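Subject: Structure for your review

Hello,

Here is the structure I said I would pass on.

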Amino acid sequence: MTEIKMTPGPLLDAAKNSKTALWNDSSDLEELRQSISWGGVGATCNPTIAYTTISKHLDIWAPRIKKIAESMPTATESEIGWQAVKDMSIEAAKLLEPAFEASNGRNGRLSVQTDPANYRNAKALADQAVEFSEMAPNIVVKVPATKTGIEAIEDATYRGVSMNVTVSFSVPQAVASGEAIERGLKRREAEGKDISTMGPVVTLMVGRLDDWLKICANRDKLVLNPGHLEWGGIAAVKKAVAEFEKRGLRSRMLVAAFRNTMQYTELV
């Protein structure tokens, strides 16, 4: 694999001079190489992201999907699509292996989302999480912070999967997710199972919380300083991090869905 040269700039400065760990919200190999050159140490893939990448690179992916279909003659369209997501994820994960090895599993992760169709089935979510985690050593698996998802998160963590909790918008969701991961880690430790290279994270979608607060303010005809409505999500992240530290939760917070650059610089 060709070494990716670093590109000076504010993102690389933040990665080098602060605790910032930059993840790229795409598994497009061109975008990911650029992100790594700016100090990026993670990325994500889900059906929507995969579709965007496929649409952008149809010259590459149309023949590849045709080959997948030919090799799986009885597969449904959904199964063919998921195989394309898996193939894309494995290739993106490969680019992140140097960061994974350098950090002993803390960074260098490629995040893969479980099938939303299984949202009511904790065992199906956990089983798929295990399947995805076996595609590459540096996979982290996304499961939603729902009641069913929390069950799956603890089970999959106990089974050795590094989790990325998603569809999380609030402090209670983040804390419940962090505690579920902690229970899974402690169960592994109690049985003498290794957790040394596991790297779980809990995502909080700050911008989407802000979006909802704006909808509520408009709905309830509240008169507020509009600037205050840009900071609800950031306040939630800070509170969640404080709770993680107080409770001794070993997962890290991952912040997604920024709505302006000041939200990013505030966390840096």
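Predicted model: local features only at pLDDT ≥ 70, side-chain atom pairs only at ≥ 80, totals over all residues.

Arg 159 makes a salt bridge to Asp 127, and the closest N and O atoms are 2.9 Å apart. Arg 159 sits in the loop between helix H7 (147-158) and strand S5 (163-166), while Asp 127 belongs to helix H6 (residues 122-133), so this pair ties together parts that are 32 residues apart in sequence. Asp 127 is also partly exposed, at a relative accessible area of 27%.

In total, the structure holds 22 salt bridges.

Two other pairs lie within single helices.

Helix H5 (residues 77-102) contains both Glu 97 and Lys 94, three residues apart, about one turn of the helix. These two form a salt bridge in which the closest N and O atoms are 3.4 Å apart. Glu 97 counts as buried because its relative accessibility is 17%, and the cut-off for buried is under 20%. Lys 94, at 45% relative accessibility, counts as partly exposed.

Helix H10 (residues 232-247) holds Arg 247 and Glu 243, which are four residues apart, again about one turn of the helix. Their salt bridge has its closest N and O atoms 2.8 Å apart. Arg 247 counts as partly exposed, with 42% relative accessibility, whereas Glu 243 has 9% and counts as buried. Both residues also belong to a network of salt bridges that links Glu 179, Lys 239, Glu 243, Lys 246 and Arg 247.

That leaves the cysteines. How many disulfides are there? The count comes to zero, where a disulfide requires a pair of cysteine sulfur atoms within 2.5 Å. Cys 45 has 0% relative accessibility and counts as buried. Cys 216 is buried too, with a relative accessible area of 15%.

Regards

Terms used:
Residues numbered from 1 in each chain as written. Heavy atoms only, no water. Salt bridge = Lys/Arg side-chain N within 4 Å of Asp/Glu carboxyl O. Buried < 20%, exposed > 50% of the residue type's maximum accessible area, 1.4 Å probe, protein only.
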